[in-house]
Amino acid sequence: MLRYVRHIPPYLPTILVVVFICYASLFSDPFPEQERWLNFPGSDKLVHFIMYGGLTATFCFDYYRRHAESLKLWLFLVVLTVAIVLGVVMEWLQMSMALGRTGDILDVVANSLGACLGVVTGNKIFAKLFAIYRLQK
């Protein structure tokens with residue numbers, strides 16, 4: 001299965017996740033007529049956490065499928081910073097654009113925590129996964 005991922009263009013999955021986050025964050029009703037299966041107080045914070053954790057984990061996936069060396073600290077911090085800044089910009093745009101969306105500082109916190117957990121776990125999981133794959137080749 002992993003042999004097929006090398007045919008995916010570099011960083012395309014990460015770009016697609018960013019596009020999804022922008023779409024989900026900026027449209028007034030990005031998924032109309034969908035059953036809201038997460039319908040409890042604070043469920044939107046969980047969604048933010050998952051989206052930004054998924055973003056940074058996807059970056060780790062993209063990185064390790066192309067590089068055998070570990071993610072350098074500076075790149076780790078850049079990825080984390082970019083994800084957090086993206087979250088802040090999305091919330092600011094929600095407040096600025098009259099699309100029926102509101103910005104929320106707790107969304108920024110959920111985005112940031114998700115990005116932190118995503119880059120840490122993604123780094124560990126995908127470094128090991130692709131290291132094992134390279135050994136088996």
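Before I come to the helices themselves, let me say how the axes are drawn: each axis is a line fitted to C-alpha atoms, for helices over the stretch in contact, and the angles run from 0 to 180 degrees between N-to-C directions. Please keep in mind throughout that what we are looking at is a predicted model.

With that in place, helix α2, which covers residues 43–64, packs with helix α3, residues 73–96, at an angle of about 145°, and their axes are 11 Å apart. The crossing in which α2 passes α3 is right-handed.

Let me step back to the whole chain for a moment. The protein contains 4 helices and 0 strands, and its pattern along the sequence reads α-α-α-α. Of its 137 residues, 36% count as buried, while the exposed surface comes to about 8700 Å², with carbon and sulfur atoms supplying 71% of that area. If we take the contacts between residues at least 6 apart in sequence, 79% of them join residues that are at least 24 apart.

I would now like to turn to the aromatic residues, where a search of the whole structure finds 7 aromatic pairs. How are the rings of Tyr 11 and Phe 59 arranged? Their centres are 5.6 Å apart and their planes lie at 25°, which is under the 30 degrees used as the limit, so this pair is stacked. The pair links distant parts of the chain, since Tyr 11 sits in the segment before α1 (12–26) and Phe 59 in helix α2, 48 residues apart. Tyr 11 has a relative accessible area of 25% and is therefore partly exposed, whereas Phe 59, at 14% relative accessibility, counts as buried.

The pair of Tyr 63 and Tyr 64 has its ring centres 5.1 Å apart, and with the planes at 90° the pair is edge-to-face. Are these two tyrosines, Tyr 63 and Tyr 64, buried or exposed? Tyr 63 is buried at 5% relative accessibility, and Tyr 64 is buried too, with a relative accessible area of 3%.

Another residue of helix α2 to look at is Asp 62, which is buried, its relative accessible area being 0%. Which residues does Asp 62 touch, once its neighbours within four places in sequence are left aside? The answer is Tyr 11, Leu 12, Pro 13 and Thr 14, and Tyr 11 is the residue whose ring pairs with Phe 59.

Finally, a word on helix α4, residues 105–136, in which Ile 125 is found. With a relative accessibility of 52%, Ile 125 counts as exposed, because the limit for that class is over 50%. Its C-alpha atom is separated by 8.8 Å from that of Cys 60, although Ile 125 and Cys 60 are 65 residues apart along the chain.

Key: Residues are numbered from 1 along each chain as its sequence is written. This is a predicted model: local features need pLDDT of at least 70, side-chain atom pairs count only at pLDDT 80 or more; totals for chains, interfaces and linings use all residues. Side-chain values use heavy atoms; hydrogens and water are left out. Helices (H or I, at least four residues) and strands (E, at least two) are DSSP runs, numbered from the N terminus. A crossing is left-handed if the near helix is turned anticlockwise from the far one by less than a right angle, and right-handed if clockwise. Rings of Phe, Tyr and Trp (its six-membered ring) pair if their centres lie within 6.5 Å; planes under 30 degrees apart count as stacked, over 60 as edge-to-face and the rest as tilted. Buried means under 20% relative accessible area, exposed over 50%, partly exposed in between (1.4 Å probe, protein chains only). Contact means heavy atoms within 4.5 Å. Accessible areas come from the Shrake-Rupley method with a 1.4 Å probe; for residues, only the protein chains shown count as cover.
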